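Q: I'd like to learn how to read a few features off a protein model. Could you walk me through them?

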Amino acid sequence: MRKSWDEYFMEITEMVATRSTCDRAFVGCVLVNSDNRIISTGYNGSVTGNPHCDEVGHTMRDGHCIATIHAEMNALLYCAKEGISVKGAKAYVTHFPCLNCTKALIQAGIGAIYYHEAYRVDDYAMELIEKNNIILKQI
């Protein structure tokens, strides 16, 4: 039987997550336009040209690895760098986005967030998602 679009893209996020270089969380993100075409992918990793956590260890501050750029931000930043619009796009993410990634996704114009794992769901992120009429679905 043919997979739904949601199943298809969520499976791709799992593959993208295998590229993560911060072993604190293997996270993948796939941004998809309204025509169900992938416009960007991202995974947890260090700033381009800098050593990765899996090579040199973590740079920790307040319980977070500050060397890592989150998957959602990597996907959005690629689009910004290349001039690709994400207005009205959908974000498929292996884990519920952190507060900062939620804010970035909303601000960039993402219309829907689909996630697999309910990891550290932030109350204010949920409030922002509701206030901004973002479609949210756990798959």
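Predicted model: local features only at pLDDT ≥ 70, side-chain atom pairs only at ≥ 80, totals over all residues.

Q: Which residues does UniProt list for the domain?
A: UniProt positions are given here in the numbering used for this model, with shortened feature names, and annotations may be inferred rather than shown by experiment. The unreviewed entry lists residues 4-132 as "domain: CMP/dCMP-type deaminase". That span is 37% helix and 24% strand, and its end C-alpha atoms lie 26 Å apart. Helices (H or I, at least four residues) and strands (E, at least two) are DSSP runs, numbered from the N terminus.

Q: How many residues does the largest nonpolar core have?
A: A nonpolar core is a set of buried Ala, Val, Leu, Ile, Met, Phe, Trp, Tyr and Cys residues joined through side-chain atoms within 4.5 Å. Buried means under 20% relative accessible area, exposed over 50%, partly exposed in between (1.4 Å probe, protein chains only). Here the largest one has 24 residues, and L31, L76, V86 and I110 have the most contacts inside it. At least two residues each come from β1 (28-32), α3 (71-82), β7 (90-95), α4 (99-108), β8 and α5. The largest share, four residues, is from α3. A second, separate core has eight residues, including M10, V32, A112 and Y114.

Q: Which residues does I110 touch?
A: Contact means heavy atoms within 4.5 Å. Leaving out residues up to four places away in sequence, I110 touches L31, L76, V86, A89, K90, A91, L105 and I134.

Q: How many disulfides are there?
A: A disulfide is a covalent bond between the sulfur atoms of two cysteines. The cut-off is a pair of cysteine sulfur atoms within 2.5 Å, and this structure holds zero. C101 is in no disulfide, and its nearest cysteine sulfur, that of C98, is 3.7 Å away. C101 counts as buried because its relative accessibility is 2%; C53, at 6%, counts as buried too.

Q: Where does R120 lie, and is it buried or exposed?
A: R120 is in the loop between β8 (112-117) and α5 (123-131). Its relative accessibility is 54%, so R120 counts as exposed. R120 is not a glycine, yet has a positive phi of about 50°.

Q: And what is phi for N133?
A: Phi of N133 is near 55°, a positive value in a residue other than glycine. N133 sits in the loop between α5 and β9 (135-138), and counts as exposed because its relative accessibility is 66%.

How values were computed: Residues numbered from 1 in each chain as written. Heavy atoms only, no water.
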